[in-house]
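Dear colleague,

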Amino acid sequence: MSTIESSKDNAEVNDPAARPQPSLLRRLLVDRPEMMIILALVIIAGFFVAVRPDAFLSGINIRNMSIEAGMMMFLAVGMTYVIITAGIDLSVGSLLVLSGVCAVLVMRMIGIDHPAAPWVGLLVALGCGTLWGLLNGFFVAVTRLSPLIVTLASMGIALGIARLLSGGVDITGVPRSVVNTIGIGRVMGIPVIFLIATAFAVLAGVILHRTRFGLHTFAIGSNPQAAERAGIKVRRHLVMVYAISGFCAGLAGYITLSRFASTTIAGHSMDNLRAITAVVLGGASLFGGVGTMFGTSVGVLIPVVLASGLVIVGLPSFWQEVAVGIVLLAAVLVDQWRRSSRSR
Amino acid sequence: MASPILQARDIHKSYGYIRSLQDASLEVFPGEVVALIGDNGAGKSTLTKALSGVIRIDKGEILVDGKPVTFATPQDAREHGIETVYQDLALAVDLNPAENVYLGREIPRPGFLGKLGFMDRKAMQRETERRFRDLGVNLKDMRSAVANLSGGQRQGVAVARALIWAKRVVFMDEPTAALGVAQTRNVLNLIRRVRDQGVSVVLISHSMPDVLAVSDRIVVLRHGSTVARFQKGDAKSDDLVAAMTGSLQMEGAA
């Protein structure tokens, strides 16, 4: 039976990727890019543990790191979906602020001691984020503008509106119960923020890796035309992905309120880039089609562990920015090498 | 003679001022290989896209089993058992072969989880491996991304995907253009086997030797119109070239 199979001798000669038994390292790099970053995290954390086990592994340090990582995870979850579609969402930090401002204003309006206020505030934050995400998605998918420009523009608009609404100053008015249960709450010693972030990331990861919706997300990032021809409604799907990112920003906005008991208008101008950094560190490709939620969660941890560890070992924390930049460059180089090592 | 399972009549399609198809016709009978040939810009790809639902036609009729149909999307064509192997293969290279085969037609998990959108990856993988084996498309690693496959192997995935789903007709747009001699022979053998299983193949090709080797009939397009039809055996390479370039006029013949 001479069919495609007999061409394999031919293919093997021309094609290094088809050689039998590719090296283990090569397989890990090509198929599981997030493995590299786990190794990096283990080395970094191992270093700090070795130098200052008492301080680095203290309860307070671990709790602080888990809260920092949890906060960033909300944005990184949405960013993972967006980057897998070969998009980008620069508006998440501003949207976090806007959602928080809207939630506080509404909660103040109905009275922060009103029993329904926490829930109304949550709905307002999530609704605000999701609606804004839908708008982002509309401009990206339907008018086919570059996601970089669309979300750059909407980043400015969202922050501007947030400042207009708040008069430019941070406003307080977060129900005490929200701060107590979420912001500073703990269950069995574990910060509630970390628990919520973990549950949220697991849910988003299961959807991404086990459902049709997730598969379609990868397919669109890999080859939008092929996805279209396979019957996927690409535009609608893209709108939904940006809406998810907006939803995540809204949720992050609400959690931020609970943590600081106030809006933090000026504190999130770099959040978008931090989220992108985490996702790319986690092995996702800016060219789309590649990424895992697990990798993103590791990518979120690296800057957090670096920041706290460097302070503990007595180095200026500015080294964190340097180190994250270097690791980020390495991650992108690995991605590029991976792509070019594929057969064409 | 049996009646055509797929028929396109007087198809017109313009892009702006460019008339890509004017009065193009094609009919496909059960279990045959039809070659669709023509010079660059003759409208072969446009006609293929029209009959696989990628583009909408301006004017004309498409009939499946004699009944008029409208193809607004590729799914409409698929639901009538018509599949297409695009020239660019239309594979999502970051997905593995099984994910590509089932993309847009995923097998849901049984029960409630399936309703939530969960896929039965094991069933998709198992079924893909079985069908690839039946078709003789052997890949070393069925779980690795398509990006890690060679050009010939990717071709195999794209062709197998179409054959797995096709019930009536498979369109193949230049399936051998990027292949070497041995791989081309394999694709041609695959075309014959598909035909023998009762699925008709429409082969779009520039290669006269390939066309003459496998086709039962040959349809020639020129400037967006169907200008000639040949039966197997009647056609010589010179006649085909003459019809393609316009030095032989025989509209409605054969």
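This is a predicted model: local features need pLDDT of at least 70, side-chain atom pairs count only at pLDDT 80 or more; totals for chains, interfaces and linings use all residues.

Residues are numbered from 1 along each chain as its sequence is written, chains are lettered from A and ligands numbered from 1 in the order in which they are written, and side-chain values use heavy atoms, with hydrogens and water left out.

In chain A, Thr256 belongs to helix α13, residues 234–260 (helices are DSSP runs of H or I with at least four residues, strands runs of E with at least two, numbered from the N terminus). A:Thr256 counts as buried because its relative accessibility is 2% (buried means under 20% relative accessible area, exposed over 50%, and partly exposed in between, with a 1.4 Å probe and protein chains only). A polar atom of the A:Thr256 side chain lies 2.6 Å from the backbone oxygen of A:Ala252. Apart from neighbours within four places in sequence, A:Thr256 is in contact with residues including A:Met71, A:Leu96 and A:His268 (contact means heavy atoms within 4.5 Å).

Elsewhere in chain A, Phe138 lies in helix α7, residues 117–142, and is partly exposed, at a relative accessible area of 39%.

In chain B, Ser225 is placed in strand β10, residues 225–231, and a polar atom of its side chain lies 2.7 Å from the backbone oxygen of B:Gln22. The C-alpha atoms of B:Ser225 and B:Ala42 are 7.7 Å apart, although 183 residues separate them along the chain.

Technical notes:
A polar contact is a pair of N or O atoms within 3.5 Å; within protein, one must be able to donate a hydrogen and the other to accept it, and residues adjacent in sequence count only if both atoms are side-chain atoms.
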